[in-house]
Amino acid sequence: MKTLLITHTDLDGISPIILLNLINEKFDYKSIEIHDIETEFEKLFESNIKEYDIVYICDLTIPESIYDKMESENINYYVFDHHATHEYALDNPRVTLVFDYEGKKTCATEVFYKYLVNTHKELDTPVIRDYVEQVRQLDTFTFESDKGRDLDIIKEALGKKKFIQSMGRRLKKDGTEFTFSAFEKRFTKIKKEELLRFMENKETKMFKYLIQGKKCGVVFSENNKSELGNFLSERHPELDLIILIDAASRISYRTCKEDCPVNEFASTYGGGGHPKASGSKFNDDNRRKIIEDYFGDIKELIEEDN
Ligand SMILES: [Mn+2]
């Protein structure tokens, strides 16, 4: 049987790969960015997606046009997700979309884990359960300890491939919980201190604007956007939300407030996401405007074919 897993690139997207490895099934995977979903699926339709007996899709909100295409091409797909923007697919029997389990916000890894564990009891160990819980805490920003954050730091440091290998090995171990090595503990402590200095510095460079009647803190950042957005929102209760501009890629919206759903705010700009964490595109036209505004009377060079 040929299996393909299509998933997101963050910890919640990578972890389904680790879980699938644990059941020793052979499979291919593709981890893709949200803004690349359409082009990546386009490529898959053009190449070999039809060769797979089963296609799992995790942690990605799939546009309706791709659902239509998968149906018409008779793809045997199963989707596992937790994004509110995906709500329109709730009635699709191939889609397992869960926002919370008994009031506790969930993540794609947990939704997929619950599916796998039904038929693979070997995944039902304290170490794997704890790992999934740490991914959930990180992805939903509902921390009970720092372990989820530490996992993400280690993922960033190791890179995707090595992280998948390393976690795969240790999730097979016995124990009462998921644990870090002494080195990892020291390493994550230093990285968290570094992160705090970074966020405090960004705080001093935050602009404040009234946008759509909301009090917004606006910062430029390419890194640590979730941590930074949450940090600034907590430190500035006078603000409704934090806007993080990553000019090379996208705009993120974060809040820790219950009464200011940033996915609604983001939808005005063609974006979406969760009530407390959303994003919208920042495209080449937006970037050109910055260049033109700054440098004034300029002319873009168009490459010519010779
Ligand atoms: Mn997720």
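Reply: A residue is buried if 20 or more other C-beta atoms lie within 10 Å of its own, exposed if 12 or fewer, and partly exposed in between, with the C-beta atoms placed from the backbone. The model is a predicted one, in which local features need pLDDT of at least 70 and side-chain atom pairs count only at pLDDT 80 or more, whereas totals for chains, interfaces and linings use all residues. Residues are numbered from 1 along each chain as its sequence is written.

Me: OK, then D59: buried or exposed?

Reply: D59 counts as buried, because it has 28 C-beta neighbours inside 10 Å. Its place is in the loop between β3 and α3 (64-72), where helices (H or I, at least four residues) and strands (E, at least two) are DSSP runs numbered from the N terminus.

Me: And what is its phi?

Reply: The phi of D59 is near 60°, which is a positive value in a residue other than glycine. Most residues other than glycine have a negative phi. Q212 is another case, with a positive phi near 50°; this residue lies in the loop between β8 and β9 and is exposed, because it has 11 other C-beta atoms within 10 Å.

Me: Back to β3. In what order do the strands of the parallel sheet come?

Reply: The 5 strands of that open sheet are ordered β2-β1-β3-β4-β5, with parallel pairing, where two strands pair if DSSP finds at least two bridges between them. β2 (27-31) and β5 (95-97) stand at the edges with a single partner strand each, so one side of each has no neighbour in the sheet. From one strand to the next the twist averages 15°, using axes that are lines fitted to C-alpha atoms (for helices over the stretch in contact) and angles from 0 to 180 degrees between N-to-C directions.

Me: How many bridges join β1 to β3?

Reply: Strand β1 (residues 3-7) is joined to strand β3 (residues 54-58) by 5 bridges, the two running parallel, and L4 has V55 as its bridge partner in β3.

Me: What does V79 touch?

Reply: V79, which lies in strand β4 (residues 77-81), touches I57, I62, R94, V95 and T96, leaving aside residues up to four places away in sequence; contact here means that the C-beta atoms, placed from the backbone, lie within 7 Å. V79 is buried, because 25 other C-beta atoms lie within 10 Å.

Me: Changing topic: which residues of α6 are buried?

Reply: The buried residues in α6 are K147, G148, D150, L151, D152, I153, I154 and K155, and what covers them includes α1 (11-22), α5 (126-140), α7 (160-171) and α8 (182-203). The 12 residues of α6 (residues 147-158) should span 16 Å, and the end C-alpha atoms are 16 Å apart, which agrees; the expected span is 1.5 Å times one less than the number of residues. After α6 comes G159, with a positive phi near 85°.

Me: What about the domains, where are their bounds?

Reply: The domain assignment gives domain 1 (3-180) and domain 2 (202-291), such bounds coming from an automatic or database assignment. Their centres, taken over C-alpha atoms, are separated by 26 Å, and 5 residues of domain 1 are in contact with 9 residues of domain 2. On the side of domain 1 that touches domain 2, the residues divide into 2 nonpolar, 3 polar and no charged, counting Ala, Val, Leu, Ile, Met, Phe, Trp, Tyr, Cys and Pro as nonpolar, Asp, Glu, Lys and Arg as charged, and the others, Gly among them, as polar.

Me: And the sheet with mixed pairing, what is its strand order?

Reply: This open sheet of 6 strands runs β8-β9-β10-β11-β13-β12, with β8 (207-211) and β12 (272-273) as edge strands that each pair on one side only. Helix α9 (residues 225-235) lies across β9 (214-220), β10 (241-246), β11 and β13, and runs at about 150° to β10.

Me: How does β11 pair with β13?

Reply: Strand β11 (residues 250-254) pairs with strand β13 (residues 277-281) in the antiparallel sense over 5 bridges, with R250 opposite K281 and S252 partnered by G279. β10 and β11 also run antiparallel, joined by 5 bridges, and a hairpin connects them through 3 residues. β11 is mostly covered, with 4 of its 5 residues buried.

Technical notes
Contact = placed C-beta atoms within 7 Å.
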